[in-house]
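This briefing is for a reader who is new to the structure shown below. Please look over the sequence and the model before reading on.

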Amino acid sequence: MEFNTAGLISLQDALDKMRAHTPAKTEEDVESLPLAAAAGRITAAPVRSPVFVPPFDNSAMDGYALRTTDLHDGAVFPVAGKAFAGVPFHGEWPAGSCIRIMTGAPVPPGADAVIMQEQTEVTDAGVRLTASVRPGQNIRLIGDDIKQGDSVLAQGVRLGAAELPLLASLGVEHVDVYKPLKVAIFSTGDELQPVGTPLQEGQIYDTNRFAVRLMLEQIGCTVLDLGIIRDDPQALRAAFEQANDFADLVISSGGVSVGEADYTKKMLDELGEIGFWKLAIKPGKPFAFGKLKKAWFCGLPGNPVSAALTFYQLVQPFIAGLSGHTSWTMPPRLKAKATTPFNKSPGRLDFQRGIFSTSASGELEVRTTGHQGSHVFSSFSQANCFVVLERERDRVSAGELVDVEPFNALLRS
């Protein structure tokens, strides 16, 4: 594996490098699951329909089934029987008569049209038609929606509330899916304390590992949480080795900057290979990507906003690729009018947290959540989008157009 680690690289270059090193899936990555246990999993092969949908010719209306060869001016059709959904008509059907039929009921053999009941008059002698009838009218033909053997889901599709009921409607009992991605996580830093532990002077809570674990579980990963690793090379080496033995992907938080106690980058140099570790984005410049002996590695910055942003913009699509999710995409960016200023200096692509909405006139507009420091994690709870400001753009005044990227379900349900 060859990388070029010189200088800052753009977000797109980083994504391209990560995507280029996504390994292909193998048979060992596949398992067959009952449909009820497959929610959130990714299809490992195209799913083909074992049946026709609809499985028989059926009525699209409540009305009367007819043979169009029986039609003539002034005809009155005695009712020879009834057909209901789940209860077909099987009796004798004399020429010149009709069958009362309900929506979804099988069309009797020989019938080639159904007239809706609103276009008829019922008399003592039978049913009189008040509208013209054409062959095939109001009949849903076998296989009109799905034919037996048709591919109904492609490989690489996440199974959710739209896909699983479709498979259930076809009688599919089991589906081949990829096994969940195994991810090991840990945070580094002597200043960190787990949530629920009293803080001493100079200490902060380990927000990043808590957030990363939640996001990983939300996208269906199996997580090994190695906790907080102190700023000690031996402890960090042991964590890396344990993570590499377990995981497909290792994610750390902190330790990828240039401080004297930032050992993660140094350890990665010894135990694996660094792909890149400096991005031309704000926040999130010190993000590391590379390969250990077995597992891939993503090193998130220590600041909470930087960690969440780089996970969202870089790790999330990388995990989608590792998981075999070929249909995954980021939300499209939209143009919106800024209703507040956005402070920025040229040099890096800037992701600021914003609140977008639609004005009374139907125009998309966006405002800032306020202070955009990389430690202000509360901005995520207030925001519903990133305001994406181009690398060379300067301060944005109210009234200017900006790009907004709505949060997906990872940050906003």
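The model is predicted. Its largest nonpolar core has 43 residues, and helix α6 gives the most to this core.

**Nonpolar core**

- The largest nonpolar core counts 43 residues, and the ones with the most contacts inside it are Leu216, Leu249, Ile251, Phe287 and Phe311.
- Helix α6 gives the most, with 11 residues.

**Helix pair α3 and α6**

- Two packed helices are described by the angle between their axes and the distance between the axes.
- For α3 and α6 the angle is about 25° and the axes are 10 Å apart.
- The crossing in which α3 passes α6 is right-handed.
- On the α3 side the contact is made by Asn208, Val212, Met215 and Leu216, and on the α6 side by Pro304, Ala307, Phe311 and Ile319.
- Sorted by class, this contact of α3 with α6 has 7 nonpolar residues, 1 polar residue and no charged residues.
- Leu216 of α3 and Phe311 of α6 take part in this contact, and both are listed among the residues with the most contacts inside the largest nonpolar core.

**Helix pair α4 and α5**

- The axes of α4 (residues 233-246) and α5 (residues 264-271) cross at roughly 55° and come within 10 Å.
- Pro233, Leu236, Arg237, Phe240 and Glu241 of α4 meet Thr264, Met267, Glu270 and Leu271 of α5.
- The residues of this contact of α4 with α5 divide into 5 nonpolar, 1 polar and 3 charged.

**Cis peptide bonds**

- Val53 and Pro54 are joined by a cis peptide bond with omega of about -5°.
- Pro54 has its place in the loop between β2 (47-48) and β3 (58-59).
- A cis peptide bond also joins Lys282 and Pro283, with omega of about -10°.
- Pro283 is in the loop between β20 (281-282) and β21 (288-291).

**The loop between β10 and β11**

- Gln137 lies in the loop between β10 and β11, and Gln137 is buried, with a relative accessible area of 7%.
- With neighbours within four places in sequence left aside, Gln137 is in contact with Asp112, Ala113, Val114, Ile115, Gln119 and Ser132.
- Asn138 is also found in the loop between β10 (127-129) and β11 (139-140).
- The relative accessibility of Asn138 is 19%; under 20% means buried, so Asn138 counts as buried.
- Phi of Asn138 is near 60°, a positive value in a residue other than glycine.

**Leu214**

- Leu214 is found in helix α3 and is partly exposed, with a relative accessible area of 45%.
- Leu214 and Arg393 are 179 residues apart along the chain, and their C-alpha atoms are separated by 34 Å.

Definitions and conventions
Residues numbered from 1 in each chain as written. Predicted model: local features only at pLDDT ≥ 70, side-chain atom pairs only at ≥ 80, totals over all residues. Heavy atoms only, no water. Axes fitted to C-alpha atoms, helices over the stretch in contact; angles between N-to-C directions. Helix = DSSP H or I, 4+ residues; strand = E, 2+ residues; numbered from the N terminus. Contact = heavy atoms within 4.5 Å. Nonpolar A, V, L, I, M, F, W, Y, C, P; charged D, E, K, R; others polar. Core = buried A, V, L, I, M, F, W, Y, C linked by side-chain atoms within 4.5 Å. Buried < 20%, exposed > 50% of the residue type's maximum accessible area, 1.4 Å probe, protein only. Left-handed = near helix turned anticlockwise from the far one by under 90°.
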